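Let's take a friendly walk through this structure together. Have the sequence and the 3D view ready, and follow along step by step.

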Amino acid sequence: MQSSSHAAGGAALPVPRLAGHFASLEVQNHAARLGMWLFLATEILLFAGLFICYGVYRFLFPEAWAAASRSLDLTLGTINTVVLITSSLTAALAVHYAKEGKNKMVAVQLGLTLVMAVGFLVIKYFEYHHKFEIGTLPGRFYSYEGIQLPGVPLYFTVYFCATALHGIHVVIGMIVLAFSMVRALKKADFGPNNFTMVELGSMYWHLVDLVWIFLFPMLYLV
Amino acid sequence: MGIANESRQEEQNMREEHHGAGRYWLIWGLLLVLTVVTVVTGRIHIPTWGLVLALVIASTKGTLVLLYFMHLADHRGANRLVFAVSIIFVVLLLAIPMVDLGTRFRGATPPGSTYSDLQAIDIGADAEEGRYGGAIRKEGKMGEESGAPKQ
Amino acid sequence: MTPSSSIAAPGATPAPEEHHDHHPNYLVDGTTIKSWLLTVDHKRIGLMFLFWVLLFFLVGGIFALLIRVELLTPGPTIMDAMTYNRTFTLHGLVMIFLFMIPAIPAVFGNFMLPLMLGAKDVAFPRLNLLSLYIYLAGAVLALWGMLNGGLDTGWTFYTPYSAHTTTTVAPVLFGAFIIGFSSIVTGINFIVTCHTMRAPGITWFKMPLFVWAIYATSCIQVLATPVIGLLLVLVTVENLFGFGMFDPARGGDPVLFQHLFWFYSHPAVYIMVLPSFGVMSEVVATYSRKNIFGYRAVAYSSLGIAFVGFFAWGHHMFVSGQSTFAGGLFGVLTMIVGVFTAIKVFNWVGTVYKGAVEFKTPFAYFCGFLFFTVFGGMTGIALGTVSLDVAWHDTYFVVAHFHFIMVGATIMAFLAALHYWFPKMFGRTYHEGWGLVAAALIILGFNATFIPQFLLGNNGMPRRYYEYPERFQSLNVASTAGATLLAFGFIIIAMYLTYALIYGKASGKNPWRSKGYEWLSESPPPTHNFVGPQPEFPEEPHFYVDPKKAEVPDAV
C-alpha cells in the first residue's frame, strides 16, 4: 500500500510512478486498495476481541452494565460522535477533491479533519479526567462509592481498554492524514490518476469512525 | 504494457465512478439523524431490546459509512469479500463464547454474575484484596449488600 | 538505490526490459551488506528469513534437548523446577512463534510465490522487508524477556496465572504481539500478490497448489492474528496494572481468555500445517512424475481447512469449565477438519499410485510426512472426542499428538522444501546419499521420541511436570534417546547442506525435471526473476502426462 505513496514523481509528473513489478497503474492501485481492505479487516478483528469481552461481560452482568453506562456523560459522548462523523465527511470530501485535482481543497478538508480529531481527543481527555477524579477506574483501581455492583469495575476495564485502543487509532489516523495534507500543500500533485494516498488514509479514518459508531451506543446507551 | 496479467476481471471490478460531492453531505445528514435517533431511543432505556435497537442503528450507520464514504458500493469482488468475511468471523467469535456462557454449568461462571451460584466477591478498591483469588474478603464491605448471591 | 531494488522506471508504464547478455543471479547481484539488509527482492528476504528461522530452530531445539535430558530421571537431573518451567515455555514459544509460523510461508512462500505466479516480486516489496524487521524486533524483545527472568506460564499464557506470576510476562507477550504484525503483513502481502500479480495464463485454477496453500494460510493469518494481538496486550496490561479483565476475583472469566486465545491458536496450527500440505503437493507430483490427482479437490480442501479450522477451537477447552453443550458442538466440528485432511491424503496417495516414483530425499520426507499426518491426525480425531479427551487432557498423549501432526508435518515439509528447492535457491546440489541417511535418522528419531510419549500419556503422565514416578522412567529414557537421534539427523543435514552450499556441484536449471512454474526461471533466478518479456504459462501446473494416459504404465 506504500508503493505509490513513496513514488515521489515530482510536480512535473501528474501520474505516480509505477513500481516495476506491476502490470499497470490500475493493477497497482487495485493492489494498494485490496491491501488496505485486508488491513482494515485485521483492524476490525482487533477490535472484535474487545467487543467479545464487552458482549460476554454484559451478558453476565447486565445490571452493572446498565448502571455503569449511565454514569458516563452522554452529552460529551454525543458531541464526540457528531465530531467524528463530521470529520469522516471532511475526509471523504478530501478524496473527492483529490480526484478532481483541487489540492488546496484537499489540504483544507484534511486540515478540518485533523482539527476535529484533536477536538475529539480533547473531549475524551475531559471524560477521562472526570473518571480519574471520581474513581470509576478499571479493576483494582475502582473506588467510586456511587455504584456498588459486582461487574462494574469490569465495565470500566472494557471502557478504558476500548476507548484507549480507539484513541490510539485516532492518533495513528491523524498522522496518516497529516502526511497527505503536507503533500497536498507542498507537492500539490494529487489528481485523477494519483489519489491513492488520500484515499487509503481516508479509508483508515472512516474505519476509526466506524468503530466509534459501534462503541458509542455500546458504552453510553445500554 | 509491460506485464499483462490475469487480474483483468478484478481490475474492472475496482473501477470507481466519480460522483458529485452532494452525496457525501447527504450521507452525513443521514448519519447525524441516526445519531439523534439512537441517543433518544437510548435514553428511554427500553428493557430488553434497547441494546438490539442500538446495534441495529449502529449497523445501519456503519453500512452507510462503508458503502458511501469508503466506496464499497463501487467496489466489487475481492474487496467486498474481504469485508464480508471479516464480519462473519466477528460474528462467529462473538456467537460461540455466548453459546458457551448461556449453557454453562453455573458454578463455572464468574462469581457475582447473573448466572452464578457463587457468592459475589469483593470487587474492592484496595489493591491487595482479591488479587490472588476470590476468597479474600473484608467484612462489612459492599459484597454483601449488592452482590446478588442467589442461594 | 541498490541494484536489487525493484522500483523501476518513471512513467505510467515500466521501461522495456533491456537485453544484456549477462544477468547476474540474485545471490551475486549486489554483494555489499547493505544490498542484503535493505533489499526489497523477495528472494533475498526469503533467504534472510531462512537464516533467522534456522537460528531460532536451533535455539528451540537446544531447549527441547534440555527438557529431554531433565526428564531422563524421575527426580531433578540437570536443573531445578523453576528453570524447567522456563525451559519448556521457551521451547514452546520459540518453536511456535519464531520457527513454525514463519518457517514455510516466510521462507519458501516469499521465495517461491512470485516465481510460481510469474511475477517479478510480491505486491508490496517494502512491506515484505518490513515484516522481516518486525519479526526480528519482536524476537529480540521476547528473547530478552525470556533470558531476563524468563516466563513460566507455558506458551499458552493462561490467565489468571499469567496475570499474577512474577516472571517477565510483559516483554515476552509484547514481543509475541510484535511478531504477530510480521505475520499479518506477510499474509496481506501474499493475498494481494495472488490477486493482482498472476502472469498471463495463470488463472485461479491454474495456480500451483503450493500457492493455494499459502493463500489459505494467509487468510488465516489475516483473520486470526489480530485477535491474539489484542489478547496479548490485554494480558500484558493485566499483568502490569491488574485491570482484572480475566481475573475471577474481579468477576472476570478466565475461560473467555481461552476462547480468545484458541480462536487464534487453533487456526495457528493450520498456519503451520497448511503450507506443509502445499509443499507436499508439489513434491509428490514432481517425484511421482504424475499430474496431481484431483487438483481442484486439493485446492478447495486448503480453503476448507482454513475455514473449518476456525470452528474447532473449543476442543482445547473440554475440561476448562466450558459448557458441555459447547464441548459437544466443538467435538463434532473438529471431526470436519479430519474430512478435509483426508481428502488431501487420498489425493496424494492417488498421485503416487502408479507413478514413476523417484525416491529422492524430498520423497523420503513425503513418506514420513504421510505417516505423521495420518497417525497424528487419527489421534487428533480421538482427542476430539469429548469423553476420551477428559482422560487424555494435559497428558503426554496430547504432547505426542500435536508434535506428530503439527511439528512432524511441518518439519518434514520444511526439510522436503529445503531439499527440493535447494538447487532452485542456490543452484547447487547436495549429496543424495547423505540426504537419505539423514531423512531416515530424522523419521526414526521422531518416532522414537514421540511414540513413547503416546504411551506415557496413555498411562497417565501429565505434561509439564518436573518429576514423575519411577515406573515412567523407561519410556522417558526411550523418548530422550529418540530425541538424540533426531538431533544427530539435523547435525548431518547441517553439515552436508553447508558443504553443498560451498562445494556442491552446479545443479543446472531444473535438476528434478519438475514441471512446477518456479522452475521455468533460471536456478538461481536473476534479480527480477525473469529475463526478457513477460513469460506466459499456457500449461496446467504439475502437468507431466496427459491425464487420460496417467494410469497407463509406460506413459511417463
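Start where chain B meets chain A: 56 residues of chain B are in contact with 50 residues of chain A. Keep in mind that you are looking at a predicted model. Which helices of chain B supply residues to the side that touches chain A? Each of α1 (8-13), α2 (22-44), α3 (50-69), α4 (78-102) and α5 (142-146) supplies at least two. With twelve residues, α4(B) gives the most to this side. What kinds of residues will you meet on the side of chain B that touches chain A? Sorted by class, there are 35 nonpolar, 17 polar and four charged residues.

The largest nonpolar core has 291 residues. Helix α1 of chain A, which covers residues 25-60, brings 24 residues to this core, the largest share. Chain B takes part too: the core draws at least three residues from domain 1 (21-74) and at least three from domain 2 (76-106) of that chain.

Chain C belongs in the picture as well, as V227(C) and A416(C) are the residues with the most contacts inside this core. Setting aside neighbours within four places in sequence, V227(C) is in contact with L45(A), A48(A) and G49(A) from chain A, L93(B) from chain B, and L260(C), F263(C) and Y264(C) from chain C.

An unreviewed UniProt entry lists residues 36-538 of chain C as "domain: Cytochrome oxidase subunit I profile". This span is 70% helix and 0% strand, and its end C-alpha atoms lie 34 Å apart.

Notes: Residues numbered from 1 in each chain as written. Chains lettered and ligands numbered in written order. Predicted model: local features only at pLDDT ≥ 70, side-chain atom pairs only at ≥ 80, totals over all residues. Core = buried A, V, L, I, M, F, W, Y, C linked by C-beta atoms within 7 Å. Buried ≥ 20, exposed ≤ 12 C-beta atoms within 10 Å, placed from the backbone. Helix = DSSP H or I, 4+ residues; strand = E, 2+ residues; numbered from the N terminus. Domains from an automatic or database assignment. Contact = placed C-beta atoms within 7 Å. UniProt positions renumbered as here; feature names shortened; annotations may be inferred. Nonpolar A, V, L, I, M, F, W, Y, C, P; charged D, E, K, R; others polar.
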